[in-house]
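Hi everyone, thanks for coming. Have a look at it first.

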Amino acid sequence: MTSGNAPLSFLESARFAAVSAVVDEESAREKTGGGRPEFWEMVFWWTRKPLIGARSIVAAALLGPEASVADFYRVTGLDSEKVPHRVNPRVPQGLRERFLKVKLLDPFAGFGSIPLEAVRLGVGEVVAVELLPSAYVFLKAVLEIPKWAVDEGLARELVEDAKKWGEWVVKELREDPDIKELYDEDAAVYIGTWEVECPFCGRYTPLVGNWWLARVRDSSTGRYTRLAWMEPVAVGDRVEVRVVDLNKELGSKTIAAEVSEGTVKTTRGSYRVPEANIDARSQVARCLHCNRVMPGRGDQWYVKEALRSWNQALEKYLNGEITLEDLKKSKARPRLLVKVKVAGKDLEFEPATAQDDDKLWRALVKLRQMWGDPDIPTEPIPPYGNIGGGLRFPVHIIDKWHQLFNPRQLLTLVKLVKLVREAGRRVEEEKLREGWDREKAHKYAEAVTTYLAIALIKYADFNSIVNRWNPGWLKFEESFSVRGIAMTWNWADSLLSAQFTGTWSRNLENSIDGLSYLVSAVSGSPSRVRVLLDDATVLGKLEGERFDLIVTDPPYRDDVAYAELSDFYYVWLKRALSDVDAGALKPRFDREAFFECLDEECKSYVEVRTQWEKFAPLEVSVSEGRARFFKELNGVEAGSDADFVDKLGRAFAAISRLLKDDGLVVTYYAHTSPEAWAALLEAGWKKAGLMVTAAFALATESEQRVTARGKVALDASVVVAWRKPQGEQRLMHVSEARRRALEEAAKAVEEAVKGGATPDINLFLRSLSAVLSVFTSSKLVPERETHELVQQEIFPLALRGLVEGIFKHAGLERPLDPYSSSYLALKVTTRAEGGKVEKKGFKRGRVDRTYASLLGVFGGLRVDNLVASGILKKVKEELELFEPEPAEPTASGIARALEVLLSEKRVDPSKPDSFKTPVDVLHYLEMKALQLTSEQFKKLVEELKARVPKVYDAINLARVLYAVLPEGDPERVSCMRVLHHLGLLGLERGDSK
């Protein structure tokens, strides 16, 4: 929809809305284990978009409105039986020539899904921009290097050399005498924690958050395949660990057992699993010797003080101010608990010993000897703890990046850095000897070193004191498996050469597999690729250029503090890709990422110490801690809400400036809140002068999103299409805009439902995009603040358009009452899986409170009204739609669920006043329709009409729900029975069943 004009691309046409459900389904499939692209396993990055979703958006934007659904499926690979991203696009010759003329920009390129798929589609020129150096390096690894290698005929050689030199690194490290004596060759993983000196008895006690080592259950059989745990045993002043391996004790590969947190019950007896003796969230820690709880709260909690004192003493030891014996007397110190050995396809657990702990201390002695080496990351972590979105750094415990690793982990990483750097040097020398020119040899060495550096940072992510052992999966999880960076208990430390998740060997495999995928993906593509390090609010490096298509995924307000979190990677990437001279880092590869050059030849330069210090004030995001810190530092409130709106506006203004007059902008936006939409519209409409032409939802987010967002568009991003208005924007009074917007919205929804659109959040977005198209295509009189328009006009009109479009499709001439309208809107937009209904079980839709409040605006209702009337139900701090929740989608199962629902809502049919809304009446009629014959039901309805005037509205609501809900929805089944008994079937959707 383009404000009354014909759509200019397939993306903006009704046909794309019809295929979006298929794209959504494939996007969701790609996000799960078997469907994930191999290069995603190279390194963790936040909010990566599914490739098929990105491909579909770019392809639909490139295709004309005349393109058929079959054309779209063929180009994108959606007609393949394989996971679509594993199939390169099949672009016909005529389209190939059209695509080659297109110039595409992604100014917030992230991990590169959008530009990668543009390259695979054969877009003429693809430009990817990122602000942060770490993301810039990853973009080069995903886009620029594979494309260069393919164009130069070096793809196969690059893959083989990355593997060869990665294996050389591990071989050299295994033979390093400093490392060799610190690990047991037969122990793949060590599980450790912190032990703290008890302030009461003076003895050291381990702090264990989970005593389980293995707790694996076969979901198909219900039997446990692995059960093992640790038990503390006090031996003098030391707490030893005893391993209880139930598989060994019972001599069985599977175990029939009842398992709770504290007990395991089997046919052979019961076992007691120890309770955790630390709960950091509640700030409770208990000594395993004297059983007393350690004192203090907040920053004065004894455990925090102990860990802080360890890092302070560690710094003094490394600086030569105290002895190793002094350091060992710190209030806290690292401690190994268990060794994990690989035995065939199984794991064996053995208690760690004091001799194993001694290896940590020996690693510290070696670190002290090399203290001051530039390869040790002594840069500061961000000093502000709360960085937004619930993400935190343990700033009251640590203040430097190297403190996130135990001594052995840190020593190993430093050695790895040196070997990766040396490998890059040897690669370049090898190519020069083969007769390559210096520039090409340098670029090739940079390519090989980049993939080794990525394996290095993945190893760091897995091997730190903020990772965690997962007994359910029998593996340890990355440092970024939890929100932000937090102190954890039961961290893991691996032998780098072991074949185990998280080791150097496994991470190297992932890096090679990812590179192989990428060179295959871009092979045969005629695209030109550029990756730029630039600020999206300025885009100064692109000044004077113009783009046909701009597709991007701008930051979502307070979602991810990229600068701070990815510094975890940056401090290691900088070292692996740089040289060392006179005890300091100097430029080598990707120098623009790590150094500010003070002259053209970069003979004078300044090292960029951390990303957070330089780039956090430039990021387009909201961060409470960041705003407070930088305001105190230099008076600039970087990270405030106002700053976010301003920067997003400047980014859209830069986008608009670079967009051709007939060009198209497509943005992802993973927010459903009106505040976020107000910021988006303020940026795109008010600041950049763009108008909305389409909007829909796609599955793009993982289930473990970094921040909690609204419940309405579950795990989805809203995709918005924008264009520059053609000609002068005419003045339009708000009242006229309101009338036209409602007409367009209702029409769009009615057409979508008639076309078989799935009843889900996209129906609301069809309505919303129609409203936005009207409002953003004109200059409004009187002028209103954007947030007021969103709250008071745009969202309420979109919801009203949704309801009116649906009831027009159902053949009703007048709107439903406010309560029925609210129920209908919620039924349509809260289906979590695109309207699909599970065969067994039916969960009520969760509702975001803000969305619920907007829902009531067009009906004059508040959230409290919706709760009091029984439309919504409070569940703890959340809201859910009060609808039947049958265990089985059978007539009897639905009837029982309706009976339970009416009881919960305290509806008593003998008391007419207990029917608070037509929704209550409908649920009663649905239940009786499933229990009575047609004659009995008609008689009941006639009797009810005399006592309850809401019956007519309830029947109309049944007509609407039957017309719009998908096959298999329990309430559609019961509404159909109501209409069948009353002889009203055949009036909705032409259905005469």
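Helix α26 passes helix α32 in a right-handed crossing. Keep in mind as we go that this is a predicted model.

Which residues of α26 and α32 make the contact? On the α26 side you'll find Ser-820, Tyr-823, Leu-824, Lys-827 and Val-828. From α32 come Leu-957, Val-960, Leu-961 and Val-964. Sorted by class, the contact has seven nonpolar residues, one polar and one charged.

Next, please find helix α24, residues 761-776. From its first C-alpha to its last, α24 reaches 22 Å, close to the 22 Å expected for its 16 residues at 1.5 Å a residue. Is α24 largely enclosed or open? Since 16 of its 16 residues are buried, α24 is largely enclosed by the rest of the structure.

Last stop: Trp-489. You'll see Trp-489 in the loop between strands β16 (475-477) and β17 (491-494). Its relative accessible area is 14%, so Trp-489 counts as buried. Leaving aside residues up to four places away in sequence, Trp-489 touches several others, including Thr-193, Trp-194, Ile-278 and Val-303. Arg-947, on the other hand, is 64 Å from Trp-489, C-alpha to C-alpha, and 458 residues apart from it in sequence.

That's my tour, and I'm happy to take questions!

Terms used. Residues numbered from 1 in each chain as written. Predicted model: local features only at pLDDT ≥ 70, side-chain atom pairs only at ≥ 80, totals over all residues. Heavy atoms only, no water. Helix = DSSP H or I, 4+ residues; strand = E, 2+ residues; numbered from the N terminus. Buried < 20%, exposed > 50% of the residue type's maximum accessible area, 1.4 Å probe, protein only. Contact = heavy atoms within 4.5 Å. Left-handed = near helix turned anticlockwise from the far one by under 90°. Nonpolar A, V, L, I, M, F, W, Y, C, P; charged D, E, K, R; others polar. Expected span 1.5 Å × (residues − 1).
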